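Subject: Structure for you to look at

Hello,

Please find the structure below, with notes on what was found in it following directly after.

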Amino acid sequence: MTSPVRQPQAEILSRLYSMKLAQIEQATHQGNSLRNQVLEAEAEAIFNALKSAR
């Protein structure tokens, strides 16, 4: 069972992760590989935080 404090945190992280994936897609279409790499690293960090929050 998820604690009441963890659920909102997981929801926020999930939304952040979705937004980050959209930014990655945009950077990919723009051909900005350095920005894409940074965004992917950020997405991975968010995903790891999301796994530990659940």
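Leaving aside its neighbours within four places in sequence, Leu50 is in contact with Ala10, Leu13 and Ser14, where contact means heavy atoms within 4.5 Å. Leu50 sits in helix 2; helices (H or I, at least four residues) and strands (E, at least two) are DSSP runs, numbered from the N terminus. Leu50 counts as buried because its relative accessible area is 8%. Buried means under 20% relative accessible area, exposed over 50%, and partly exposed in between, with a 1.4 Å probe and protein chains only. Between the C-alpha atoms of Leu50 and Ile12 the distance is 9.0 Å, although the two are 38 residues apart along the chain.

This is a predicted model, in which local features need pLDDT of at least 70 and side-chain atom pairs count only at pLDDT 80 or more, while totals for chains, interfaces and linings use all residues. Residues are numbered from 1 along each chain as its sequence is written, and side-chain values use heavy atoms, with hydrogens and water left out.

The overall picture is as follows. The secondary structure consists of two helices and zero strands. The protein has 54 residues, of which 20% count as buried. Among contacts with a separation of 6 or more, 55% are between residues 24 or more positions apart. The accessible surface is about 4100 Å², and 56% of it belongs to carbon and sulfur atoms; accessible areas come from the Shrake-Rupley method with a 1.4 Å probe, and for residues only the protein chains shown count as cover.

Next, helix 2. Its 21 residues should span 30 Å at 1.5 Å a residue, and the end C-alpha atoms are 30 Å apart, so the two values agree. The expected span is 1.5 Å times one less than the number of residues. Which residues of helix 2 are buried? They are Asn36, Leu39, Ala43, Ile46, Leu50 and Ala53. These lie on the same side of helix 2, because they cover an arc of only 100° around the axis; the arc is that of the directions from the helix axis to the C-beta atoms. An α-helix has 3.6 residues a turn, so residues three or four places apart point the same way. On the face turned away from the buried side, helix 2 carries the exposed residues Leu34, Gln37, Glu44, Lys51 and Ser52.

Asn36, also listed among the buried residues of helix 2, has a relative accessible area of 14%. Apart from neighbours within four places in sequence, Asn36 is in contact with Ile24, Ala27 and Thr28.

How many salt bridges does a search of the whole structure find? The search finds one, a salt bridge being a side-chain nitrogen of Lys or Arg within 4 Å of a carboxyl oxygen of Asp or Glu. In it, the side chains of Lys20 and Glu42 meet at 2.6 Å, N to O. The pair links distant parts of the chain, with Lys20 in helix 1 and Glu42 in helix 2 (residues 33-53), 22 residues apart. Lys20 counts as buried because its relative accessibility is 14%, whereas Glu42 is partly exposed at 33%.

Glu11 lies in helix 1 (residues 6-30) and, at 40% relative accessibility, counts as partly exposed. Met19 is also found in helix 1 and is exposed, with a relative accessible area of 51%.

Regards
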